[in-house]
Amino acid sequence: QVQLVESGGGLVQAGGSLRLSCAASGSIFSINGMAWYRQAPGKQRELVAHIGSFGITTYSDSVKGRFTISRDNAKNTVYLQMNSLKPEDTAVYYCNAPRNVYSSSYYFDWGQGTQVTVSS
């Protein structure tokens, strides 16, 4: 079973940047889509960004133009570059592989996530 380990979170001021990484313990080459999600306190987990095997990307409206998702199949790693961060981006960020972009069915178990805190 592939395990996912997210890293790169931290405390940053509004307007700052962070780069998150999601390292998979096995190959993600055959997995069509990888995605980043986030869950803020008291809220449901939401899709932030998705990247397909051909590099086609999808973003939530709240992060479009500020976040960039990418993947390196050779390193079995997915990245999320987050720029112009806002306090409302504060959440625990997770990655996973949904069976399609908006599916709630996933190929892997959830990792521990990485905390992102944006101060105003």
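This is a predicted model: local features need pLDDT of at least 70, side-chain atom pairs count only at pLDDT 80 or more; totals for chains, interfaces and linings use all residues.
Two strands pair if DSSP finds at least two bridges between them. Strands themselves are DSSP runs of E, at least two residues long, and helices are runs of H or I of at least four residues, both numbered from the N terminus.

Residues are numbered from 1 along each chain as its sequence is written, and side-chain values use heavy atoms, with hydrogens and water left out.

Stay with β10, residues 114-119. Strand β2, residues 10-13, is joined to β10 by 4 bridges, and this pair runs parallel. Leu11 has its bridge partner in β10 at Thr117. The faces of β10 divide clearly. Thr114, Val116 and Val118 make up the covered face, while Gln115, Thr117 and Ser119 make up the uncovered one. Strands of a sheet pair through backbone hydrogen bonds, either parallel or antiparallel.

Next comes an open sheet. It has 4 strands in the order β1-β3-β8-β7, with antiparallel pairing. β1 and β7 (67-72) stand at the edges, each with a single partner strand, so one side of each is left without a neighbour in the sheet. From one strand to the next, the twist averages 15 degrees. Axes here are lines fitted to C-alpha atoms, for helices over the stretch in contact, and angles run from 0 to 180 degrees between N-to-C directions. β7 is joined to β8, residues 77-82, by 6 bridges, and the two run antiparallel. Within that pairing, Ile69 has Leu80 of β8 as its bridge partner.

Val5 lies in strand β1, residues 4-7. Its relative accessible area is 44%, so Val5 is partly exposed. On this scale buried means under 20% relative accessible area, exposed means over 50%, and partly exposed lies in between, with a 1.4 Å probe and protein chains only. Leaving aside residues up to four places away in sequence, Val5 touches Ser21, Cys22, Ala23 and Gln112; contact means heavy atoms within 4.5 Å. Thr77 is 72 residues from Val5 along the chain, and their C-alpha atoms are separated by 9.4 Å.

A disulfide is a pair of cysteine sulfur atoms within 2.5 Å, and the count comes to 1. Cys22 and Cys95 form this link, with their sulfur atoms 1.8 Å apart. The pair links distant parts of the chain: Cys22 sits in strand β3 (residues 18-24) and Cys95 in strand β9, 73 residues apart. The link is right-handed, with 50 degrees about the S-S bond. Both Cys22 and Cys95 are buried.

Now the charged side chains. A salt bridge is a side-chain nitrogen of Lys or Arg within 4 Å of a carboxyl oxygen of Asp or Glu. The count comes to 4. Asp89 forms one with Arg66, the closest N and O atoms being 2.8 Å apart. This pair links distant parts of the chain, 23 residues apart: Asp89 is in the loop between β8 and β9 (91-96), and Arg66 is in the loop between β6 (57-59) and β7. Asp89 and Arg66 are both buried.

Arg38 and Glu46 meet in another salt bridge, at 2.7 Å from N to O. Arg38 is buried, at 6% relative accessible area, whereas Glu46 is partly exposed, at 35%. Arg38, Glu46, Arg66 and Asp89 are linked in a network of salt bridges. Asp61 forms a salt bridge with Lys64, the closest N and O atoms being 3.2 Å apart. Asp61 counts as exposed, at 68% relative accessibility.

Finally, look at the backbone in two loops. Most residues other than glycine have a negative phi. Asn76, in the loop between β7 and β8, has a positive phi near 50 degrees. Asn76 is buried, with a relative accessible area of 17%. Ser84, in the loop between β8 and β9, also has a positive phi, near 50 degrees. Ser84 is partly exposed, with a relative accessible area of 41%.
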